[in-house]
Amino acid sequence: EPVRRVLLLGEGNFSFAASLCGSAGTHVVATCYESEEEVSGRGRAAESIRRLREKGAEVVFSVDCAKLKDYFLPEEREFDRIYFNFPHCGRKAGVVKNRELLARFFHSSAEVLSEEGEVHVALCNGQGGTPADQPRREWHNSWQIVAVAAGAGFILSNVHPFKAETIQGYKCTGYRSQDKSFCVEGALNHIFTRSTPLRFFKPMSYEIELESQKVSFQVPQVLVDKINRGFLEPNSNHPVLTVKEKLTAELSQAFPLQNIDSSLCLLHQVHLNGVCPSNIFWIMLSPEEIPGTEEMSKGLTNAVSFSHVDFCRDTDENGWVNVQEGCHISKQYYLRPSLLTYAQAIVQRESILPGTLYILSGPVFRKCLIAPYSMPVFHEMFLVCAVNRGAENSCIQILVNSIKTSIQSLCQTVSGFQPNISLQETMGFEATQLNNFAAFESQLSKIRSFICMDIGTSGFCEKGPCVGIIRTAQYELVSSELVVVFASLNLDLLAMLICGISDWRMLWTSDARFLRQFPRGELRLFKSFSLYPPSYVHDVSFWVPDGEQFDEVAFHTIARWVSGETVISIQLIDTFQQSETGRKSLCYRLIFQSCDKALSWREVAEMQLHFRKEINHHLRVTLR
């Protein structure tokens, strides 16, 4: 077993260090800011120092917490845990000076902490400024410890009471730089870990083959870190795959199944009637060019090849899509927003087996406004079953019952709670009650019913969020009239609701601590490793171009990619129109917050400046 190296800072009388010393497999380095002569006169300090040295601990004096690397050789800097109990600038220093002390400390700690190490900071009740403090101080009057730590790349991963009475021999001292104790009732221990760095991805090209012609396209910047993540690959332990597998297993008890495993093309050229163009990720194709730089070469090395089935769209009298193969290539394609087209292609094959449930799944891409549970990409599970006319209601009921049984069983196992899964008629919903998933599905074609999951969470309509939809359509195939039942499920939203994941962005995190919580084939209640992340507010106001309709979806999409998906809210807070010229001005409020990474105010300020430049360039607005 490797020895765990522990560093203690700002020890007043070394009683805390002495309580830790002697633990098996632990090497303690105890330090204080004062000289040995100054400390030795404090009550019990000399005894604690003697005990530490007898047990093999290092005791170092005159250590400045803001310059830690100066006191240790490079090979001695990998500490597994750093403790700083009740830091203070001394005397009557105010909150600003103590924030500055913490900032210097965290930056210094980052230089001597191991990659998987922890930083423990104990603060008196109310000082930290987090919701864990009871009562909680006003933000401006706290030490703002989470925001300060973020500036050095740390996230708050745990917080718990500092129980001084349980630490054998511990006696707090150092009140206002004196040999006096202070109140530790309600004190909290804040545990920080390293954050994965904020990543801003360079443009990426993918190479594909369309009708024997090699072409490449540039991935929309907001999707560069989301394409080809492999969540549904057989060796994945992502909860999205586990939800799909559990649903499939339950459905196999009621239907003969056929999984469509062949690669489904990422691009569409099909015309979508009724779908707002602003909700589509448009792609301009160009013939492949030989990469001219090493960077582009690396990008193409990781390119994904897709088999291609090209669909043209023709609409029948019911408004449904007739799908044909071999449509002529034009320059403009778009990333698939749904698997509906492929599902309809299956139906129009003469080999379709009535009563068999066909399953398709894969990521789909939709531009959307920034809002909770509003996802620009998610994994769709599409179910297709053809039945004789008159049997469709029975098929839908069996299908929904299987889905309901599977989800309730998963929730019972994960959290001991059984949600209410219900089938709701579309007429019972107002447009404002639909989440982004359901609202876009309504644009694609007529919906028969919504599958809703009521988890008792405020903020949703009373029926619960829509996690799936049901459609039906009539077809005449092989001399028989069939009704086809189509069901679409949002696997990402289901995984979130089942596992208690409050932020959809967490599904796409690159932090290994997320997937570690989900062993292969198991779903568990998610425990966040980034608590109380700081948020930052910025406003932007501008003049809209004369005579043009402002594209709010494009505005939100730019905010997504410029911020690396750290903008969590955009609200229109003011409008103004000049009576003389008719010019219109808009003012929006943006809130930045990361769910899994350290985010500092400096980084957000840079994002805001970048955002202003990009909306000026792409949307041609005049900044105010």
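Q: In which sense do strand β2 and β3 pair?
A: This is a predicted model in which local features need pLDDT of at least 70, side-chain atom pairs count only at pLDDT 80 or more, and totals for chains, interfaces and linings use all residues. Residues are numbered from 1 along each chain as its sequence is written, and side-chain values use heavy atoms, without hydrogens and water. Strands (E, at least two residues) and helices (H or I, at least four) are DSSP runs numbered from the N terminus, and two strands pair if DSSP finds at least two bridges between them. β2 (residues 26-31) and β3 are joined over 3 bridges, and the sense is parallel.

Q: Which residue of β3 is the bridge partner of Ala30?
A: β3 covers 58-60 and is an edge strand, pairing on one side only. In β3, the partner of Ala30 is Val59.

Q: What is the strand order of the open sheet?
A: The sheet has 7 strands with mixed pairing. Its edge strands are β3 and β6. The order is β3-β2-β1-β4-β5-β7-β6.

Q: Why does the length of α4 agree with its residue count?
A: The expected span is 1.5 Å times one less than the number of residues. Helix α4 (residues 95-109) has 15 residues and so should span 21 Å. The distance between its end C-alpha atoms agrees, at 21 Å.

Q: Which strands of the sheet does α4 touch?
A: Contact means heavy atoms within 4.5 Å. Buried residues (under 20% relative accessible area, 1.4 Å probe, protein chains only) of α4 include Phe105 and Phe106. α4 packs on the sheet, and the strands touched are β1, β4, β5, β6 and β7.

Terms used: Buried < 20%, exposed > 50% of the residue type's maximum accessible area, 1.4 Å probe, protein only. Axes fitted to C-alpha atoms, helices over the stretch in contact; angles between N-to-C directions.
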